[in-house]
Amino acid sequence: MMQEVLISDNLERDLAHAIDVCAPDKLFVLTDKTTREHCWPKIEGFDCVKGAKLITIPSTDEHKNIATLAMVWEMLSEQDGTRRSCLINLGGGMVTDLGGFAAATFKRGISFINIPTTLLAMVDAAVGGKTGINFNGLKNEIGAFCNARFVLLNTLFLDTLDDKNTRSGYAEMLKHGLISNERMWAELLNFDLGEPNWGRLQQMVAQSVRVKEEVVAKDPHEQGLRKTLNLGHTVGHAFESMALHRGQPILHGYAVAFGLVCELYLSTFKTNFPTSKMRQTVQFIRSYYGTFPLSCNDYDDLIELMQHDKKNTSAGINFTLLEDIGKPIINQTATRDEIKEALDFFRETM
């Protein structure tokens, strides 16, 4: 089923419309503890959600697991959810990923509506039909492709975000600019992330979402073109998993930003990406994202984590690299030594 993505300037009207189209017998709203406190109060007065059953799960990615998923299934079941029920996922990527998977699997699938409340979820997690949970220490190891019936994007929630969560989402926007075109990339590098202009940011979010939608529409199940969206993610997911193993988790967008540094460096000597554009992008990342503590002793563990990536084939570790801005090349492999060279560059530069 195709999903409708609405850049909403009137959330009450658009949510009422989305619920009408789904025509549920029962309405459920999934929040985590953070969005229960900060985001639910912004919509709980809407007539269209009167009588909805609220399900609240623990916050943060460490709870994006099978125990939390089972808790959502239990609540849906105990409150007499049926195949005609609808689940509204109100939250960041953790809520939209887990809630989407719960909806995709409960009674073999109920309709769901995503209302992403973080910048990251707006430009990444809530669009594109990927749902899932972490499992066995690996990010998004279990999941399914399943579209929300509607995704409602409204910057009403962005003022609830701290700097770090704003920057986390912005890293995915930066990736969209790199795979899209030079104008968008330049605009992203010139934006003041220290003092964001929210009106300007909403327009940039809409552009960013369009980039992802166009790619996903052409390749819904990641057979080819959609792999362009993985730029920065092969190394990024490894950083993210390593941080989780250390018990010092980092936000997804920070991991992607660090992954971009390494993969743009790989692009300079594997696919001739212009060094000047790589350095401009790395400079922007360094000024807003800091660094990731890394020593040579971590390299083998990071490469081991990269080998678990779902996008790999028997040919080796799979990367999306760039020839130039807007010219991604999928299915590139790199040797262990080349990956270590990129990690050296990361440590020296960041």
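Here are a few notes on the fold and helix packing of this predicted model.

1. **Overall build.** The protein has 14 helices and ten strands. Its C-alpha trace spans about 55 × 40 × 35 Å along the principal axes. A compact globule of 350 residues would have a radius of gyration near 20 Å, and the protein has 20 Å, so the two agree.

2. **The sheet.** Six strands make an open sheet with parallel pairing, and if you trace across it the order is S1-S8-S5-S4-S2-S3. The edges are strand S1 (4-7) and strand S3 (53-57), each of which pairs on one side only. From one strand to the next, the twist averages 20°.

3. **A pairing to look at inside the sheet.** Strand S2 (residues 27-32) runs parallel to strand S4 (residues 86-91), and the two pair over four bridges.

4. Helix H1 (residues 11-22) lies across several strands: S1, S2, S4, strand S5 (111-116) and strand S8 (150-153). Relative to S8, H1 runs at about 175°.

5. **H7 against H8.** Helix H7 (residues 163-180) packs on helix H8 (residues 182-189) with the axes 7 Å apart and an angle of about 150°. Angles over 145 degrees count as roughly antiparallel, so that is how H7 and H8 sit relative to each other. Their crossing is left-handed. On the H7 side the contact includes Tyr 170, Met 173 and Leu 174, while H8 brings in Met 184, Trp 185, Glu 187, Leu 188 and Leu 189. By class, the residues of this contact divide into eight nonpolar, three polar and one charged.

6. **H11 against H12.** Which way do H11 and H12 run relative to each other? Helix H11 (residues 252-270) and helix H12 (residues 275-289) pack at about 160°, with their axes 10 Å apart. That angle makes H11 roughly antiparallel to H12. H11 passes H12 in a left-handed crossing. Among the H11 residues in the contact are Tyr 254, Ala 257, Phe 258, Val 261, Leu 264 and Tyr 265, and they meet a set in H12 that includes Met 278, Val 282, Ile 285, Tyr 288 and Tyr 289. The contact of H11 with H12 has twelve nonpolar, four polar and no charged residues.

7. As for charge, the H7 and H8 contact has one charged residue, whereas the H11 and H12 contact has none.

Methods. Residues numbered from 1 in each chain as written. Predicted model: local features only at pLDDT ≥ 70, side-chain atom pairs only at ≥ 80, totals over all residues. Heavy atoms only, no water. Pairing = 2+ DSSP bridges. Axes fitted to C-alpha atoms, helices over the stretch in contact; angles between N-to-C directions. Contact = heavy atoms within 4.5 Å. Parallel < 35°, antiparallel > 145°, perpendicular 65-115°, else oblique. Left-handed = near helix turned anticlockwise from the far one by under 90°. Nonpolar A, V, L, I, M, F, W, Y, C, P; charged D, E, K, R; others polar. Rg over C-alpha atoms; globule rule 2.2 N^0.38 Å.
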